[in-house]
Amino acid sequence: MADPMTQSRQISSSQGLNDGHSKDTKFSDSFFSSSPVSLIQSSQVYDLVYWRDPKKSGLVFGISLLLLLSLAAFSVISIISYMLLALLCVTISFRVYKSVIQAVQKSSEGHPFKELMEKDVSLAPETFRKHVDSCLTYINRALKQMCRLFLVEDLVDSLKLAVVMWLMTYVGAVFNGITILILVDILAFTVPPLYEKYKTQIDRYIDLVRTQVNSVVAKIQEKLPKAAKRSKAE
């Protein structure tokens, strides 16, 4: 039977390991605490952007990037038309090929897509309502945030939004919407694995930036009117 001193050391050691683990996951929890990123973390998209399955992630990344590049060069109508035309060419060619093979071999296999046509592709009402309710939750949350920001419930948060929108005017002058989506797609598949690899160094710089931002916000709050500071405290 272990003496009390040994048990105390073991408990302290286990607590230290738990504390270390909580420190390592502190930024990850805070990084994914806001929606819709928390939704991404809890879905298969999280595994895609972290390249848990390199083949699947590479396929999705390649297709999404190719689609966005196509949208940058052609119109949406042209892209959809070409995609549907390519699909029709494949299915019609396969149907004709199978019909010729059956005629030559004098077989009676039937329609080559018979199994696919017999599958039920209709959307269940329960599934539809589930997705609608999920989307409605995020839409209502976004509407409440917009009302809170644009009706200046919190002066500091509204000023932050104003600064962000002012910076976005310069971004919009340089990039169009498709270019921003291409950059977002590339960053979504490159930043998560890089952060996972260089987590310690990135966390250190993020803490420095967060400290500087908090100090600037604190200085701004000191110069705000008393009513604004009172609403911030409430």
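A polar contact here is a pair of N or O atoms within 3.5 Å, one able to donate a hydrogen and the other to accept it. Keep that cut-off in mind for the first stop. The model is predicted.

**Stop 1: the start of α9**

Select D154 and V156. A side-chain oxygen of D154 sits 3.1 Å from the backbone nitrogen of V156. That is within the 3.5 Å limit, and D154 caps the N-terminal end of α9.

Now show the whole helix, residues 155-174. Its 20 residues should span 28 Å at 1.5 Å a residue, and the end C-alpha atoms are 29 Å apart, which agrees.

Which residues of α9 are buried? They are V156, D157 and S158.

Stay on D157, a residue of helix α9. Its relative accessible area is 16%, so D157 counts as buried. The side chains of D157 and R148 make a polar contact at 3.0 Å.

**Stop 2: a ring pair along α9**

Move along to W166 and Y170. Both belong to helix α9 and sit 4 residues apart, about one turn of the helix. In an α-helix there are 3.6 residues a turn, so residues three or four places apart point the same way. The rings of W166 and Y170 pair edge-to-face, with 5.3 Å centre to centre and 85° between the planes.

**Stop 3**

Step back to V152. This residue is in the loop between α8 (125-150) and α9. Check its backbone: phi is positive, about 55°, although V152 is not a glycine. Most residues other than glycine have a negative phi. With 43% relative accessibility, V152 counts as partly exposed.

**Stop 4**

Jump to K106, in the loop between α6 and α7 (114-118). K106 is not a glycine, yet its phi is positive too, at about 55°. Is K106 buried or exposed? Its relative accessibility is 76%, so K106 counts as exposed.

**Stop 5: helix α5**

Select residues 54-73, which are helix α5. This helix has 20 residues and reaches 28 Å from first C-alpha to last, close to the 28 Å expected at 1.5 Å a residue.

Colour its buried residues: S57, F61, S64, L65, L68 and S70. What covers them? The cover includes α4 (44-49), α6 (76-105) and α10.

Next, select residues 59-92. An unreviewed UniProt entry lists this range as "transmembrane region". In the model, residues 59-92 are 94% helix and 0% strand. The end C-alpha atoms of this range are 25 Å apart.

**Stop 6: the largest nonpolar core**

Show the side chains of F61, L65, L68, I182 and F189. These 5 residues make up the largest nonpolar core. Two elements each give two or more residues to it: α5 and α10 (177-197). Which of them gives the most? That is α5, with 3 residues.

Zoom in on L68. Leaving out residues up to four places away in sequence, L68 touches I178, L181, I182 and D185. One of these, I182, is itself part of the core.

**Stop 7: the aromatic rings**

How many aromatic pairs does the structure hold? There are 6. Display F61 and F189, which form a tilted pair. Their ring centres are 5.0 Å apart, with 40° between the planes. F61 lies in helix α5 and F189 in helix α10, so the pair ties together parts that are 128 residues apart in sequence. Both F61 and F189 are buried.

W51, F61 and F189 form one aromatic cluster.

**Stop 8**

Finish at T190, in helix α10. Its relative accessible area is 31%, so T190 is partly exposed.

Follow its side chain to I186. A polar atom of the T190 side chain lies 2.7 Å from the backbone oxygen of I186.

Last, select V49. The C-alpha atoms of T190 and V49 are separated by 7.6 Å, although these residues are 141 residues apart along the chain.

Definitions and conventions. Residues numbered from 1 in each chain as written. Predicted model: local features only at pLDDT ≥ 70, side-chain atom pairs only at ≥ 80, totals over all residues. Heavy atoms only, no water. Core = buried A, V, L, I, M, F, W, Y, C linked by side-chain atoms within 4.5 Å. Buried < 20%, exposed > 50% of the residue type's maximum accessible area, 1.4 Å probe, protein only. Contact = heavy atoms within 4.5 Å. Expected span 1.5 Å × (residues − 1). UniProt positions renumbered as here; feature names shortened; annotations may be inferred. Phe/Tyr/Trp six-rings, centres within 6.5 Å; stacked < 30°, edge-to-face > 60°.
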